[in-house]
Amino acid sequence: DLACEFFAVFSRFEFALKDAGFLYVNRNGRAAPDWNAFADKATLQAPPGSELEKAITFLNREPPQVQVSPRQWQPAALRGTAPVATAIDSAQRVRNNLFHGGKHTPHSVPGRDEALVRAALTVLLACVAQNPQVGAAYC
């Protein structure tokens, strides 16, 4: 159920990004959501101790790894400098790992993948709630 909710929110969020003007034309000549432009401009109010603050911190301190071979995963730098921007980048990586699979590896601590999905979902929904343009398009 959590994975389905995450995919639904993520898909609608990408639509909202494009509709709110955060888009670019990709190498195939198609409009694509411009996550980088959005992340660079994103600001989130995360009260101390809030679920949002915890999610941002978690996604920055323990971001999802990237697959480099059929059985090997490794850390990779997140794009951006502000904690919100890097958390948004991390949320995209959560989607990529979940969607493309292969994340069931022995080194993954039990419960970590679920925690990553929940944190990414928290950040995306906060972006919807706190960005009027994206929020209007998301509804």
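Tutor: Helices (H or I, at least four residues) and strands (E, at least two) are DSSP runs, numbered from the N terminus. This is a predicted model, where local features need pLDDT of at least 70 and side-chain atom pairs count only at pLDDT 80 or more, while totals for chains, interfaces and linings use all residues. Residues are numbered from 1 along each chain as its sequence is written, and side-chain values use heavy atoms, leaving out hydrogens and water.

Student: Great, let's pick a residue. Where is the place of threonine 86?

Tutor: Threonine 86 sits in helix H4.

Student: And is threonine 86 buried or exposed?

Tutor: Threonine 86 has 8% relative accessibility, so it counts as buried. For the cut-offs, buried is under 20% relative accessible area, exposed is over 50%, and partly exposed is in between, using a 1.4 Å probe and protein chains only.

Student: What does threonine 86 touch, not counting residues up to four places away in sequence?

Tutor: With those left out, threonine 86 touches Asn60, Leu78, Arg79, Gly80 and Thr81. Contact here means heavy atoms within 4.5 Å.

Student: OK, on to the helices. At what angle do H3 and H4 pack?

Tutor: Helix H3 (residues 51-61) meets helix H4 (residues 83-100) at about 70°, and their axes are 8 Å apart. That angle is why H3 is roughly perpendicular to H4. The axes are lines fitted to C-alpha atoms, for helices over the stretch in contact, with angles from 0 to 180 degrees between N-to-C directions. Under 35 degrees is roughly parallel, over 145 roughly antiparallel, 65 to 115 roughly perpendicular, and the rest oblique.

Student: Time for rings. How many aromatic pairs does the structure hold?

Tutor: There are 7 aromatic pairs. In one of them, phenylalanine 10 and tryptophan 35 are stacked, with 5.1 Å centre to centre and 20° between the planes. This pair links distant parts of the chain, 25 residues apart: phenylalanine 10 is in helix H1 (residues 2-19) and tryptophan 35 in helix H2 (residues 35-41). Both phenylalanine 10 and tryptophan 35 are buried.

Student: Why is the pair of phenylalanine 13 and phenylalanine 38 edge-to-face?

Tutor: Because the planes of phenylalanine 13 and phenylalanine 38 lie at 80°, with ring centres 5.7 Å apart. Rings of Phe, Tyr and Trp (its six-membered ring) pair if their centres lie within 6.5 Å, and planes under 30 degrees apart are stacked, over 60 edge-to-face, and the rest tilted. Here too, helix H1 and helix H2 are linked, by residues 25 apart. Phenylalanine 13 is buried at 0% relative accessibility, and phenylalanine 38 is buried at 2%.

Student: Which residues do ring pairs link into a cluster?

Tutor: The cluster has Phe6, Phe7, Phe10, Phe13, Phe22, Trp35, Phe38 and Phe99.

Student: Where does phenylalanine 22 lie?

Tutor: Phenylalanine 22 is in the loop between H1 and strand S1 (23-25), and it is buried at 9% relative accessible area. Beyond neighbours within four places in sequence, its contacts include Leu17, Pro33, Phe38 and Val134.

Student: Last one: in which helix is phenylalanine 58 found?

Tutor: Phenylalanine 58 belongs to helix H3. Its relative accessible area is 19%, so phenylalanine 58 is buried. Leaving aside neighbours within four places in sequence, phenylalanine 58 contacts Pro63, Arg112, Ala115, Leu116 and Ala119.
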